[in-house]
Amino acid sequence: MHQSWENEFRDRLPLSNTLIAAGLLVIMTILGGRFFVTSTPADAPVVESGRLTVADWDFDRGTIQLSGDWEFYWKQYLGEDRIPAKDQPDFGRVPDVWHNLDIDAVQQDLGDDDTARGYATYRLVIEDLEPGPYSVFIPILYAPSRIWVDGEQLTENGKLARDFKAGEEAIWKGHFAGFNTDDSDIEILIEVSDHIHGDGRFIVPPVFGPPDVISDYITVFNIRDLLIQGIATILFIFGIVLFLFRRSDFASLYFAIFALSFGTVLSYLGVSLPEVLMPGLDFWTKINIFYAAECAAVISAAAYIAALYPDERIRIVDRLIQIITVFFLIYVTIILAGKPDPFDFPQYAVFLLVIIPFTSLYILVTVIRAVLNNRDGAWIFLFSMLILVYCSIGEILVTNGTLPSIPAIGLGLGMTSLGFMIFLIAQVIVLAQRWTHTLQTSEKMTTDLSRLIEVTSAISSEMRLETLLGRIVHGATEFIHAERSTLFLYDERTDELWSLIAEGLENREIRMPANQGLAGACFQTGSTINVPDAYADSRFNQEWDVTNNFRTRNILTMAVEGKSGKRIGVMQVLNKIGGRFQTIDEERLHAFAAQAAIAIENAELFGEVISARNYNESILGSMSNGVVTINAYGNIEKINTAALEIFGGEEPDYIGTDANSWLAQDNAWLIEELATMRGEDVARTLLDVDVTIPDGGSKSLNISIVPLIDQDGDDNGTLMLVEDITGEKRLRGTMSRFMTKEVADKILDDGEDSLAGSTVNASVLFADLRGFTSLSEQLGARGTVAMLNEYFGEMTDAIFNWQGVLDKFIGDSIMAVYGAPIEGDRDADNALASAVEMKHILARLNEVRASRNEDPLNISVGIATGEVIAGTIGSAKRMEYTVIGDCVNVAARLENLTRYYGADIIASEDTLEHAKVSVMNRELDLIRVKGRARPGGIYEILGHHTAETFLNMEDVLHHYQSGLSAYRQRNWDQAIAEFASALKANETDRPSQIYLDRAKLFKENPPPDDWDGVWTMTSK
């Protein structure tokens, strides 16, 4: 697999960039730890058995975290009931969930089996406290709660209850209570109701201290949360802006989504930026936002790592993470919309407890693979991810009391926020490196492309093959930064590869079999061969080095292909200067070889032109048609023998003379045609024109005027090809434009009288392009002409393939005749077959147009059979072979009726009667068209339809035929039922709809007794 230039350049980046970035992250971690990590000094007092002694503590050193063993009273509100403390109370760990407490005895006393739902009181006595003002702060508590100090309720968050149905949600935010005391010992009660949320826990320990110290603590706590969310928001904007400036950089987009969503998740552990911006959020909306943010973080993280390192990702794991996470989000959104028992929330989050570690592990594996492959930014990504994991696990262990808060190693509360900030900043470094490397790569590519343009310009200007090959070889060596190069060309006559120029070799020409060695293997397969060690490859002939006193280290061999894709040779470069040939060298050589191939083909073509010039001179002399060339100044440069025979005179009478003087005044129209064609790039043919020759006589000629344009697009003059039209030659040239070769040959055999007026029985076909007006307005003039030329070319083949005569093009319509001027016994069959083939050809043409993002074309066809008058009709100046008669009018009107009946092809009853071979059809109607008294049956031809273009055809035709029979028997109810069944099988079937409407009309307004089932058309 070829890597891009950008990836190739990245893999070569120096290690210093990674070390600088890693050092920056380490510095930020150390400095950020002072602000983000809230740690308690190692000698701070700890709650033991429900008591905390602060006699020796100096609050100037900081707050005290009230972690440890509190007295725990299951299903008791001591502050409200004032039940005396038991002699031997239970003890609960703070912070922790009470589900982990050993309260079996309490359960038995209360007769309650549910240790999750309930309420309790945590009690703490602080001893040896100096009188004065103090404060208690609970940063986060996932439950309604009250704080009592010495029997006085100070604050309440949410509504506590003894029954979970009566409880109300808490705001999940900081809980603060301040008080003054004159006692040395105080009692603190924290009553908690766990009926609303199933966690039942202190997620972080309460904090105690003087008001100013607690205020500083709260300020830092809130600023830290808002800061991390602000950083996430800013980086979200940063990622979006990067993506908008470079739409292909999806990594920036996914990073932006991840930063915002993960920042939103962290906000639920502290001060929420969404709640600051939208203070009216209710409980259910907050829960939904929380889960949605977690899901978005999972999906965007997986997408981000896949965009960063696409070669290392595991596609099926990406899809699995996305699909499962989206399904979970939909599921939990539906659940929360019903406002379930909030106690059940944790069971919904079990999925996240599985998918988040799984996604993290997948990201870690992908990053490690990227590190092993030396991908850009992988070391920084891995380093920052390890910091995030360390901080997250460290805070969990400190919060749960597994590890103590140790400032020296950065263990404490707020570590997750610090890790997240470091991780985000690391990604900014990664994205910044990507942009820097993109710019550097672009500059490098520009330099290389400039060098390629210089070399290709030099070789493109050389037309002599031997000199050109030398320039190509030297140019390849310079462009690829190699020591030597060789260009082998393929000789078809001998099936050999040969080189006229090989750098460093005394023997200038080399020949070898086209399947030998590395060059032969490359030429046979067309695959690029990059050999890092030439002597380790058995295909390398080491004798070349011995003979030429050269040491080949590595070889890059690539096939050279011409414009048609045919391999014309092999380019081989030896010994990359400064190392081995890389993927970027393959791309450079491929670009160079493409330019070299064009130059070689041009040089060969130039040689062929020079060698063929004399040959062409002799051909001109032997041509039966006259050739006259006129230069850019209007003078005659060449005139061949045939032209002299047509115009009379000798060659010296014409060469160098002014063409206008030669043509004389009587040929003013031809002089004007020649002037009009000057500077144009399209040839023009004038058929059957009368030209006055120098001796005063006149001849009928076919003249082709071809502008002579050089390779720079400049006017080099005009070539005039002259054909003297006589007898059979003139007739054949005329008829070949509107009929097949076989018909033309038949007419020539019968003589020119075949074109005289006669009455014949023929089939006439009209084909019209639907929606042409709107299509032509959309395409414009040039686009419309190009489209019609392509369309008419395809449709004409369908006519000629079935012995038809192209009568004329009428705008976007085609008129064809089968049976005139030569009448046959299968004319009706040929007309029907042509119509079906037109639809098949149009289907294939529409596939080609779809590949070019062009709108499809559709046609409608009408076919009628009957007597017509055929002959050459017109004026003395212009004659045209055509047919006229009632049959022509019927065919045109049948084509027009296709829109009314929703059919593609409609044929008259006479056509089917004259056909020898049965074709799939159905009767559409008995109609009396405007201007014609006699009614006739019309039929829809169905042979071109497939199961996709006509749904349920068999069922539709069965019900349609039954309905039509009932309709003509005046059985309106049965007809309505049958046509309705047909429409049920295919709701787009227009004929069934028409008859359903008619049957309903006649049921309400019965026709007269002499009604014959004929439908009269009131318009053309």
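Q: How many salt bridges does a search of the whole structure find?

A: Side chains of opposite charge can pair when their charged atoms come close. In this predicted model, where side-chain atom pairs count only at pLDDT 80 or more and local features need pLDDT of at least 70, the search finds 25 salt bridges, each being a side-chain nitrogen of Lys or Arg within 4 Å of a carboxyl oxygen of Asp or Glu. Side-chain values use heavy atoms, without hydrogens or water, and residues are numbered from 1 along each chain.

Q: Which residue forms a salt bridge with Glu-127?

A: Glu-127 pairs with Arg-51, their closest N and O atoms being 2.8 Å apart. Because Glu-127 lies in strand S5 (residues 119–127) and Arg-51 in strand S1 (residues 51–53), the pair ties together parts 76 residues apart in sequence; strands are DSSP runs of E with at least two residues, numbered from the N terminus.

Q: What is the mean pLDDT of the protein?

A: Where pLDDT, the predictor's confidence in each residue from 0 to 100, is low, the predicted coordinates should not be read in detail. The mean here is 77, and 74% of the residues reach 70 or more. Over residues 1–14, however, pLDDT stays under 50.

Notes
Contact means heavy atoms within 4.5 Å. Helices (H or I, at least four residues) and strands (E, at least two) are DSSP runs, numbered from the N terminus.
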